[in-house]
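Student: Hi! Could you walk me through this one a bit at a time?

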Amino acid sequence: MTDQLTGEQRERQRRRRFWGVLGVLAAVVAPIGGVIGYNAGKQGLEFTQALDTLSPSLLGWLAIFYVVALVIGSWRFVRVIDEVELADNLWASAAGFYCYAIAFPCWGLMAKAGWVAPVNGWILLVATYIVAMSTYAFRKWRAR
């Protein structure tokens, strides 16, 4: 039946699948942040302190759930995107990787030298996300 669809109809279907996959992924992964955020807010703690208050088994299950959701969600996402979206995501992923690959060893060496505080993995993770999302946004903006 899809042979009889117009290009606009196929594009609408593709866009619907695209946002559907992203919506399901967000709905599945968001509760992890919700559990940790609720726990932190309830006890007036910072993120890493809130993690310390959760049971080891809950932390383990949250990690497993996160990995499974991200792997399956990413696999589904790649199946519904077009080559332009794939290229934008590859550029963003590469920029995020380079950010981490440069920042981690440099920060670690400077920490060993006593110039800066010890490496904070959460700061590196957020910086990696910011670089990747900024690269993605720049590519989308440039394409317009």
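Tutor: Happy to, starting with R15. R15 is partly exposed, because its relative accessible area is 33% (buried means under 20%, exposed over 50%, partly exposed in between, with a 1.4 Å probe and protein chains only). This is a predicted model, in which local features need pLDDT of at least 70, side-chain atom pairs count only at pLDDT 80 or more, and totals for chains, interfaces and linings use all residues. Residues are numbered from 1 along each chain as its sequence is written, and side-chain values use heavy atoms, with hydrogens and water left out.

Student: Okay, and which residue forms a salt bridge with R15?

Tutor: That's E11, and the closest N and O atoms of the pair are 3.7 Å apart. A salt bridge here is a side-chain nitrogen of Lys or Arg within 4 Å of a carboxyl oxygen of Asp or Glu.

Student: Where do E11 and R15 lie?

Tutor: Both are in helix α1, four residues apart, which is about one turn of the helix. Helices are DSSP runs of H or I with at least four residues, strands are E runs of at least two, and numbering goes from the N terminus.

Student: Is E11 buried, exposed or partly exposed?

Tutor: E11 counts as partly exposed, because its relative accessibility is 33%. E11 also meets R14 in a salt bridge, at 2.8 Å from N to O. R14 and E11 are three residues apart in helix α1, so about one helical turn separates them.

Student: And R14, buried or exposed?

Tutor: Buried: R14 has a relative accessible area of 11%. R14 forms a salt bridge with D82 too, with the closest N and O atoms 3.5 Å apart. D82 sits in the loop between α3 and α4 while R14 is in helix α1, so this pair ties together parts that are 68 residues apart in sequence. D82 itself is partly exposed, at 25% relative accessibility.

Student: So which residues are linked in that network of salt bridges?

Tutor: The network links E11, R14, R15 and D82.

Student: How many salt bridges does the count come to?

Tutor: The count is six.

Student: New topic! Which residues form the positive surface patch?

Tutor: R12, R16, R17, R76 and R79 make up that patch. The elements giving it two or more residues are α1 (7–43) and α3 (56–80), and α1 gives the most, with three. Patch residues have over 30% relative accessible area and no salt bridge, with like charges joined within 9 Å and nonpolar side chains within 5 Å.

Student: Where is R12 found?

Tutor: R12 is in helix α1. At 48% relative accessibility, R12 counts as partly exposed.

Student: What about D88, buried or exposed?

Tutor: D88 counts as buried, at 4% relative accessibility, and its place is in helix α4 (residues 83–112). The D88 side chain has a polar contact of 2.8 Å with the side chain of R139, and another polar contact of 2.8 Å with that of K140. A polar contact is a pair of N or O atoms within 3.5 Å, where one must be able to donate a hydrogen and the other to accept it; residues adjacent in sequence count only if both atoms are side-chain atoms.

Student: Last one: how many residues apart in sequence are A40 and T53?

Tutor: They are 13 residues apart in sequence, and 8.9 Å apart in space, C-alpha to C-alpha. A40 is found in helix α1 and is buried, with a relative accessible area of 11%.

Methods. Areas by Shrake-Rupley, 256 points an atom, 1.4 Å probe, with all protein chains shown as cover. Lys, Arg positive; Asp, Glu negative; His and termini not counted. Charge placed at Lys NZ, Arg CZ, Asp CG, Glu CD.
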